[in-house]
Amino acid sequence: MTASVQEQEVAADAAKRVRRPRDMALSLAVLLVPIFLVLLVGRFFYGDTTTATVDPQVALSGAARASMSPIPQGQTPEGWKIVSAQYRDGVLRLGYLTDDEKGVQLVQGKGDSTGLLAAELTTAGKQVGTVDVVGVGWQRWTGRPGESALVRVSGAVTVIAVGQVAEEDLVKLVTAARA
């Protein structure tokens, strides 16, 4: 064999080893297609649409240690789920999912109510009236577009129930949580 034939064979071998982006895309497709099929079969044929719920006791006990009173009871209205619970920087947040799969949040903070209201309802939020819930006066507020809120300021503690739900659902929440 001559040097030029050997060089041609080496060049041909090198050309075979070069990977193109198309080769990578085909390899990924071979891996991803079965994964998507498994997810689709699980979701549509076996009804795998479960929502992960959480136990709010860790967040509630953190708020209790910080002397935040009254502490919500962590109860939910019939058919609702607690999907998040967090106590951080003096603010307790409990996230709920209604029986209609809509999100609602119960927020309780200590200290400056104006700052908490601006953070949770935006600076565009405005008080639009009052409502009596089990003998306790709550303020009705607007929030982000489509949201409504119930707010109660008692001393240094501010409680906000907010979500894109009807006011009746917010009343159910504050009644169950006894906030």
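## Salt bridges

Let's start with the charged pairs: the structure holds 6 salt bridges, a salt bridge being a side-chain nitrogen of Lys or Arg within 4 Å of a carboxyl oxygen of Asp or Glu. This is a predicted model, in which local features need pLDDT of at least 70 and side-chain atom pairs count only at pLDDT 80 or more, while totals for chains, interfaces and linings use all residues. Residues are numbered from 1 along each chain as its sequence is written, and side-chain values use heavy atoms, with hydrogens and water left out.

One of the pairs is glutamate 120 with arginine 93, whose closest N and O atoms are 2.3 Å apart. Glutamate 120 belongs to helix H4 (residues 113–121) and arginine 93 to strand E2, so this pair ties together parts that are 27 residues apart in sequence. Helices (H or I, at least four residues) and strands (E, at least two) are DSSP runs, numbered from the N terminus. Glutamate 120 is buried, at 6% relative accessible area, and arginine 93 is partly exposed at 25%. Here buried means under 20% relative accessible area, exposed over 50%, and partly exposed in between, using a 1.4 Å probe and protein chains only.

Another salt bridge links aspartate 23 and arginine 22, with 3.9 Å between the closest N and O atoms. Aspartate 23 is partly exposed at 23% relative accessibility, whereas arginine 22 is exposed at 52%. Through shared partners, salt bridges join Arg20, Arg22 and Asp23 into one network. Arginine 144 also has a salt bridge, meeting glutamate 147 at 3.3 Å, N to O; arginine 144 is partly exposed, with a relative accessible area of 34%.

## The sheet

Now for the strands. An open sheet of 7 strands runs in the order E1-E2-E3-E7-E6-E5-E4, with antiparallel pairing. Strand E1 (81–88) and strand E4 (127–133) stand at the edges with a single partner strand each, so one side of each has no neighbour in the sheet. From one strand to the next, the twist averages 20°. Two strands are said to pair if DSSP finds at least two bridges between them. As a reminder, strands of a sheet pair through backbone hydrogen bonds, either parallel or antiparallel.

Strand E5 (residues 136–142) and strand E6 (residues 148–154) run antiparallel and are joined by 4 bridges. Threonine 142 stands opposite serine 148 in E6. Two helices deserve a look here. Helix H3 (residues 57–65) packs on the sheet, touching E1 and E2, and its direction makes about 35° with that of E1. H4 packs on the sheet too, where it touches E2, E3, E5, E6 and strand E7 (157–163), with its direction at about 10° to that of E7. Axes for these angles are lines fitted to C-alpha atoms, for helices over the stretch in contact, and angles run from 0 to 180 degrees between N-to-C directions; contact means heavy atoms within 4.5 Å.

How many of the residues of E7 are buried? The count is 7 of the 7, so E7 is largely enclosed by the rest of the structure. Both of its faces are covered, with Val157, Val159, Ala161 and Gly163 buried on one side and Thr158, Ile160 and Val162 buried on the other.

E7 pairs with E3 in the antiparallel sense over 7 bridges, and valine 107 has isoleucine 160 of E7 as its bridge partner. E6 and E7 also run antiparallel, joined by 7 bridges; here arginine 152 is partnered by valine 159 in E7. E6 and E7 form a hairpin with 2 residues between them, and glycine 155 in the turn has a positive phi of about 65°.

## Lysine 102

Lysine 102 sits in the loop between strand E2 (91–97) and strand E3 (103–110). Lysine 102 is partly exposed, with a relative accessible area of 42%. Leaving aside residues up to four places away in sequence, lysine 102 touches Tyr96, Leu97, Gln164 and Val165. Lysine 102 and leucine 170 are 68 residues apart in sequence and 12 Å apart in space, C-alpha to C-alpha.

## A nonpolar patch

Which residues make the nonpolar surface patch of about 720 Å²? They are Met24, Leu28, Leu31, Leu32, Ile35, Phe36 and Leu39. Patches are made of residues with over 30% relative accessible area and no salt bridge, where like charges are joined within 9 Å and nonpolar side chains (Val, Leu, Ile, Met, Phe, Trp, Tyr) within 5 Å. Accessible areas come from the Shrake-Rupley method with a 1.4 Å probe, and for residues only the protein chains shown count as cover. Leucine 39 lies in helix H2 (residues 21–45) and is exposed, with a relative accessible area of 54%.
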